[in-house]
Amino acid sequence: MAAAGMGASAMMAAQPAAADAVSEDPWVSEVPDNPISDVYQFTVPSEAVAEATGIEDGLVAVQGNFGPGKAWTDLNMGASGSDLTATHGPLEPGLYYYQYAVRPAADQDAVAFRNPDAPQEVTSQPTYSTLFVPGPGAEWLADVDDGGELAPLDGKGPKRDGEALVWTPPGYDEDRAEPYPVLYLVQDEGQSHREWAELGRLGQIMDNLTLDGDAEPMVVVMGDGDAVGHHGVPRDLFRTAERELNVSKDGSERAIAGIGRGAEQALQALVHKPRDFAYVGSFSGGLDKRLHRGKVKQINRSTEMVRLYAGNVTDPGYDDTVALAETLTGAGVDFQSDGSDPETGGTWDTYQKNLHDFAQRLFQDVEDEGPSEGHLPFVEHELPAPGTTPTPWIDDNGVVTFEMGPEFADANNVTVWGNFGPSGSWPRTPMVQQDDGSWRLSLAVDGGSYYYKFVVDGVDHKDEVNPTSVFSEPTWSTFAVGGDNLRGRYTAEVPAEARGEVSVMSYASTAGGGQERSAYVWTPPDYDPDRAEAYPVFYLQHGGGQTWTDWLEVGYIDRILDNHYLQGTIVPMVVVMADGNGVDFPTEMTTRIAPAAEEQYHVSSESDQRALAGLSMGSGHTLSTLWAHPGEFGYIGAMSAFGGPPADADVEAINEGTRLLRVYSGDVQDFTYGATLQLVSAMESRGVNHEFAPIIPGPHSWDVWQKSVIDFLPRLFTVSGD
């Protein structure tokens with residue numbers, strides 16, 4: 001039995017170990033003994049909740065930017081001995097900020113708290129803590145040796161209002177003959193100017209850019225945007241900076257940028273005195289001001305660069321940025337567009353990237369004036385009117401908008417629960433109430449199929465406007481988003497003419513004295529019931545708490561098969577999904593399901609043309625059939641598997657009659673992970689030939705099982721299982 005390799009399998013391979021994450025919170029740790037790196041556990045002593053909040057027996061969660069597109073989301077914690085825990089990951093490299101929260105009841109407000117043994121890290125949000133996950137793609141956010149210095153800027157002037165923070169570059173020389181160019185940054189409303197360093201990781205960004213030679217050595221002054229002068233700039237900020245620091249007073253060596261309201265302040269400063277700043281950056285901002293021709297000429301003549309940035313359409317500043325681009329274009333102002341970042345919205349993850357790009361363009365010649373790679377043009381984005389379309393509403397770029405009507409206008413806590421977390425985990429993401437009392441939430445999700453429900457003050461509700469249904473989970477609805485990732489490719493619809501047919505097969509079960517049961521059957525697009533050679537047949541089983549409909553309704557197996565078949569990566573086969581509940585499955589399989597399929601469809605009864613696989617409970621059913629009937633199914637797949645060979649198993653017959661026995665598992669988040677390792681160990685000790693596929697990141701979830709079956713299908717009915 002050869003260990004086969006293919007693209008899908010390579011994408012499931014365990015990740016290399018990453019450098020240690022950085023957090024000041026001792027309640028956070030990387031999960032030990034996990035083959036997948038960057039999976040983290042949050043552990044809160046139960047008594048600490050009451051000590052911090054005065055609330056006992058509440059609903060505790062970790063809240064943070066762990067959702068798709070770094071959206072703010074809730075991870076419910078569960079009891080583990082005397083502690084409360086939540087496990088999440090693998091987390092992509094980058095900065096995460098979070099807090100703990102407890103609700104006295106599901107319909108009451110949450111009370112936030114942090115670990116009292118952790119220092120306060122975020123000035124404007126005292127309950128926040130941070131977790132930095134190093135790794136590929138986040139090197140520019142990592143700490144470096146011999147970097148610059150962050151320090152408060154202490155102004156003593158009589159008109160001095162607000163505060164400022166200053167970063168000076170490595171090797172800063174206050175006596176240098178040539179003053180340093182200077183970048184002024186202004187925060188958004190509701191933020192502190194210190195967040196540029198606390199959540200924006202400005203120090204690390206500038207250290208890396210400067211030491212790598214990608215940015216000119218400059219001084220960065222983060223002013224308090226809450227203390228502003230007549231034209232938007234923090235009053236006395238320039239005078240104080242120029243008095244206390246060795247920075248230039250020349251407009252050609254001064255830049256200014258801001259977020260949201262801070263971006264508007266930067267633009268107002270540009271319009272008021274164009275010569276004061278040669279470089280201006282707007283991060284998710286706008287400008288409600290008419291520009292006259294004379295002012296436009298001054299701006300174009302004295303400004304080296306005006307550059308606009310924004311996140312995707314979930315960014316609250318997206319529409320303002322689109323309007324700003326139209327205003328500048330209509331007025332004739334020369335500007336550059338970095339475009340819309342499709343990955344993240346109005347979050348510090350977006351502003352970090354904005355700053356990284358902007359700083360590299362200052363005080364030096366840059367040839368490429370276009371948007372960052374992969375960014376989208378700024379175009380108007382308008383959601384359908386409430387109640388006018390089935391939900392969720394999915395735009396062309398994978399932004400999904402959920403909607404609930406005003407019947408829940410008086411609710412306090414409305415969230416969307418779904419498999420939107422890393423590797424198919426299930427966070428709860430708060431919805432936003434609209435002026436008419438309805439609720440909406442927009443998320444930028446990766447490609448793949450999703451299942452979700454609404455949770456209103458602790459009560460589950462189905463999205464009644466979504467026409468999909470899940471028989472085993474009445475409150476669930478589903479949808480799919482296309483994408484270039486594995487699940488995005490394989491759960492996308494193929495053209496109608498390339499789709500297989502799904503029909504329903506009835507059969508007499510061993511349950512209930514021969515009660516009639518049903519199975520879904522997929523046949524390939526060119527299925528010919530009269531061809532000379534019978535088709536290979538794959539029997540695919542569901543898990544516990546599920547039924548014969550789940551592989552189709554939640555697993556999107558029909559689309560996975562359609563895509564494989566269209567690509568030519570599977571042989572023509574018939575796939576049967578029967579009901580495995582409440583029966584002696586080996587008997588049910590061999591005396592009822594398989595005979596019914598052979599009678600009603602043109603499928604083979606030869607062992608080398610029959611495959612059997614299942615997930616969780618279905619894996620136990622699959623393996624028990626193999627142990628009891630060795631040689632009747634030549635291909636065996638077990639996902640989130642358990643159930644080792646019994647003492648009387650005929651190992652010789654099993655090995656002789658099985659062409660492929662392949663086992664799949666999620667990581668330690670999959671609650672059958674330990675049982676799967678025991679199964680593999682038992683087969684090794686008994687000499688049962690098998691393959692153990694690379695661990696798939698994720699919990700006991702459909703994301704794991706879809707990736708498993710995507711890998712398993714091309715291995716069926718080939719000479720060696722390759």
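Me: Is Ser438 buried or exposed, and at what relative accessibility?

Reply: The model is predicted. Burial is read from relative accessible area, with under 20% as the cut-off for buried. Ser438 has a relative accessibility of 2%, and therefore counts as buried.

Me: Where is Ser438 found, and which residues does Ser438 touch beyond those up to four places away in sequence?

Reply: Ser438 belongs to the loop between β23 and β24. Setting aside residues up to four places away in sequence, Ser438 touches Met404, Gly405, Pro406, Val432 and Gln433.

Me: With which side chain does the side chain of Ser438 make a polar contact?

Reply: The partner is the side chain of Asp436, at 2.6 Å.

Me: Over how many bridges do β23 and β24 pair, and which residue stands opposite Val432?

Reply: β23 pairs with β24 (residues 439-444) over two bridges, in the antiparallel sense. Opposite Val432 stands Arg440 in β24. Val432 is also one of the residues that Ser438 touches.

Me: What is the strand order in the open sheet that includes β2 and β6?

Reply: That open sheet of four strands is ordered β2-β3-β7-β6, with antiparallel pairing. The edge positions are taken by β2 (28-30) and β6 (78-80); each has a single partner strand, so one side of each is left without a neighbour in the sheet. From one strand to the next, the twist averages 35 degrees.

Me: Over how many bridges do β3 and β7 pair, and which residue of β7 is the bridge partner of Phe42?

Reply: Strand β3 (residues 40-45) and strand β7 (residues 83-88) are joined by six bridges in the antiparallel sense. The bridge partner of Phe42 is Ala86. Helix α2 (residues 46-53) packs on this sheet and touches β3 and β7, its direction making about 65 degrees with that of β3.

Me: How does one check the length of a helix, and what span should α9 have?

Reply: The expected span is 1.5 Å times one less than the number of residues. Helix α9 (residues 348-360) has 13 residues and should therefore span 18 Å; its end C-alpha atoms are 18 Å apart, which agrees.

Me: How many residues of α9 are buried?

Reply: In α9, 10 of the 13 residues are buried, so the helix is largely enclosed by the rest of the structure. Among the buried residues are Trp348, Tyr351, Leu355 and Phe358, together with the acidic residues Asp349 and Asp357.

Me: How are salt bridges to be read, and how many does the count give?

Reply: Side chains of opposite charge can pair when their charged atoms come close. In this model the count comes to 22 salt bridges. One of them joins Asp143 to Arg201, with the closest N and O atoms 3.8 Å apart. This pair links distant parts of the chain, 58 residues apart: Asp143 is in the loop between β10 (129-133) and β11 (149-152), and Arg201 in the loop between α3 (195-198) and α4 (202-211). Asp143 is exposed at 54% relative accessible area, whereas Arg201 is buried at 9%.

Me: What separates the closest N and O atoms of Asp579 and Arg517, and where do the two residues lie?

Reply: Their closest N and O atoms are 3.6 Å apart, and the two residues form a salt bridge. Asp579 lies in the loop between β31 (574-577) and α13 (585-600) and Arg517 in strand β29 (residues 516-523), so the pair ties together parts that are 62 residues apart in sequence. Both Asp579 and Arg517 are buried. Elsewhere, salt bridges with shared partners join Arg307, Asp338, Asp357 and Arg361 into one network.

Me: Which side chain makes a polar contact with that of Ser477, and is Ser477 buried or exposed?

Reply: The side chains of Ser477 and Lys462 are joined by a polar contact of 2.8 Å. Ser477 is in strand β27 (residues 477-481) and, at 0% relative accessibility, counts as buried. Beyond its neighbours within four places in sequence, the contacts of Ser477 include Tyr450, Tyr451, Tyr452 and Asp463.

Conventions
Residues are numbered from 1 along each chain as its sequence is written. This is a predicted model: local features need pLDDT of at least 70, side-chain atom pairs count only at pLDDT 80 or more; totals for chains, interfaces and linings use all residues. Side-chain values use heavy atoms; hydrogens and water are left out. Buried means under 20% relative accessible area, exposed over 50%, partly exposed in between (1.4 Å probe, protein chains only). A polar contact is a pair of N or O atoms within 3.5 Å; within protein, one must be able to donate a hydrogen and the other to accept it, and residues adjacent in sequence count only if both atoms are side-chain atoms. Contact means heavy atoms within 4.5 Å. A salt bridge is a side-chain nitrogen of Lys or Arg within 4 Å of a carboxyl oxygen of Asp or Glu. Two strands pair if DSSP finds at least two bridges between them. Axes are lines fitted to C-alpha atoms, for helices over the stretch in contact, and angles run from 0 to 180 degrees between N-to-C directions.
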